[in-house]
Amino acid sequence: MQLMSWTDFFIIFICCAITMLACRVIPLFVLKGRNLPEGLEKALGFIPPAAFAALVANDLLDPAMFDAGIWPAAAPLVAAVVVGLVALKTKSLLWSAVAGVAAYALLTLI
Amino acid sequence: MLGYVAIGIPCGILGDSIGLSALQAFLLSALFYSGAGQFMIPNMWLAGGPIASIIASVSLVNTRQMLYSAAFAPACRGVKKRLSFLFAATVTDESYGVNVQKFSEGEWSVDRATMVNLFSQSSWTISNVVGVLIGSAIGIPLAIAAFAMTSIFICLLVTQKWTPENALAALVAIVGVFVCKMLGWSGPAILIGAVLGVCAALAFSWAKGRG
């Protein structure tokens, strides 16, 4: 893996910080209490489930994942199910991360 | 408040694993200040995503802040511009929840809400810096650290409101990521998958509205 250089860091940091600040501040000053357009509000609501699903899928799924046998690819999937259950039960990011790391470490040691 | 510390320390450790220094973690936490975003940057970097795709995906996820910003506009009516700006610039998912509840109970003001925001931001920033220092001191295996990130995203995913539209958005996003990877577009897979998911859900809710 390549470590992130200061140049790469600065590009990512500045761009993300600017879009973030714009999203946080502009609606408050521009709308002055009026609602966002309904279509936009709907689209914004769909972004979190779509984005988090895409991130999870990117980490867990790969077309070549079963090439090395079933278990190396299935272990993270099983750990992911454990995390899902813990997350539903506790709604806690911290417990999910703890459960995920524990399950993943156990399953990959087997 | 404890939540910020508990998640900020692992976030700093992950930042350290892709080579971020304590100063970089400080800048990100203090000025960008986004939990999901700060987990996404190392995650997508490890996945080998191009910089443009990382920026676009992180920004896309952060557009939800527009909803919060719009929601607080009535409370900021008649408040000094500088205070409104500081307040708006420091809203997050968690402090949004706290402040919305306080405002709805009444007897709550923008300057007190801003104090809540700044306190959250400070605990987040300090924990991230501490995390980087811990990470560089003990060296955690990358596979384990990466799965901690995956776990955080799983938690954020399953705690969404499960309406049919949201489920469709998630499903299409998953399929979209997989298809992109099959085509060899692993760099922008997350961005393309997420956008496809949002489009599918919009099309579905539009068709339902007409049906």
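**Figure 1. Contacts across the sequence of chain B.** Among contacts in chain B between residues at least 6 apart in sequence, 74% join residues at least 24 apart; two residues are in contact if their C-beta atoms, placed from the backbone, lie within 7 Å. The model is predicted: local features need pLDDT of at least 70 and side-chain atom pairs pLDDT 80 or more, while totals for chains, interfaces and linings use all residues. Residues are numbered from 1 along each chain as its sequence is written, and chains are lettered from A and ligands numbered from 1 in the order in which they are written.

**Figure 2. The helices of chain B.** Chain B holds 11 helices and 0 strands, where helices (H or I, at least four residues) and strands (E, at least two) are DSSP runs numbered from the N terminus.

**Figure 3. Domain 1 and domain 2 of chain B.** Domain 1 of chain B brings 9 residues to the contact and domain 2 of chain B brings 7. On the domain 1 side, helix 4 (residues 51-62) gives the most, with 4 residues.

Figure 4. B:I126 lies in helix 8 (residues 110-138) of chain B. B:S29 is 97 residues from B:I126 in sequence, yet their C-alpha atoms are 8.5 Å apart.
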